[in-house]
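Here are a few friendly notes to read alongside the model. Keep the picture open and find each residue as you go.

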Amino acid sequence: MAKIIMFIVKYRKIFYIASALVVVACIFIVFKQGLNLGIDFTGGALIEAEYSGDMPDIDLLRKSIDEAGFKSFRLQPTGEKGIVLRMATLTEAGHQNLLAILKVSDEYELTEKRFDSIGPVIGEELKRKALVAIGLVVLLIILFIAFAFRGVSRPGSSWRYGFVAIVALIHDVLVPVGVFALIGAEVDVLFVTALLAILGYSVNDTIIIFDRIRENIKLKISNDFEETVGTSLSQTIARSINTSLTTFIVLVFLFFLGGNATKMFALTLGIGVIAGTYSSIFLAGPLLVTIQKLQNRKK
């Protein structure tokens, strides 16, 4: 294991390039395809319903809704007998009219599971608050890590720990965002909640490695910072992988056995946990070594 870890630290540029390619690909996909923002951010109405018996033909339902005068809607099947209907705006009268159309006739039994209606002003406010929340979390993480590692002044300032943690966090957040843009999954408030959870989970994993590096610097296990980082990684990698694996298994069960409401939340967290584990091992520690070597060259 120690040889593998030292390989990661020694040939860290390989992992920098791999991470950079993934991040650039995610950014490209987001700009090219855009994010499928849900009504939480765009405003509009959403009806989620399920048929207890036979389900009518989905194309006939679309045709009936269109003929009733409802425009700019999107009707999608979910599961074996469920449907989700989204549209820009909807009055209560229109809501009841749509339920009657979806029921088709007494032959079908329809149960409405969810109805949300959000105005465009509230949607814009939610979007702004979501971005502010993510920005504040990132800022507080930088300050917290810089404060927590203020005693580590050698071979560099404590601020570099905060900087490296943020680089890893950006990587961890961009990966699920890129995947959601690629598959066209809906981005809603629950997705933002999952991103905030990823920020907390990932930085916790990174701090464990940083903390071991700090302890090994105090113990002076080596005069070579690269070797100190490699040793610290080898001492923490089993814990990082085991913790992430147990979390990931729970998320897999939640994805397959949970309801539709938690399925995409579990998917987002699962992608974030994988990205966070990778960045903690392959980016955070090696980046500290790279910064230290760059600082040495300037002296």
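1. V24 counts as exposed because its relative accessibility is 54% (exposed means over 50% relative accessible area, buried under 20%, partly exposed in between, with a 1.4 Å probe and protein chains only). V24 sits in helix 2, residues 12–33 (helices are DSSP runs of H or I, at least four residues, numbered from the N terminus). From V24 to I58 there are 34 residues in sequence and 38 Å in space, C-alpha to C-alpha.

2. A word on the source: this is a predicted model, where local features need pLDDT of at least 70 and side-chain atom pairs count only at pLDDT 80 or more, while totals for chains, interfaces and linings use all residues. Residues are numbered from 1 along each chain as its sequence is written, and side-chain values use heavy atoms, leaving out hydrogens and water.

3. Next, look for the salt bridges, of which the structure holds 6 (a side-chain nitrogen of Lys or Arg within 4 Å of a carboxyl oxygen of Asp or Glu). One of them joins E226 and R12 at 3.8 Å, N to O. E226 lies in helix 9 (residues 225–257) and R12 in helix 2, so the pair ties together parts 214 residues apart in sequence. Both E226 and R12 are buried, and a network of salt bridges links R12, E226 and K293.

4. Which residue forms a salt bridge with R214? The partner is D211, with the closest N and O atoms 2.4 Å apart. R214 and D211 are 3 residues apart in helix 8 (residues 189–219), about one helical turn. R214 is buried at 18% relative accessibility, whereas D211 is partly exposed at 29%.

Notes: Helix = DSSP H or I, 4+ residues; strand = E, 2+ residues; numbered from the N terminus.
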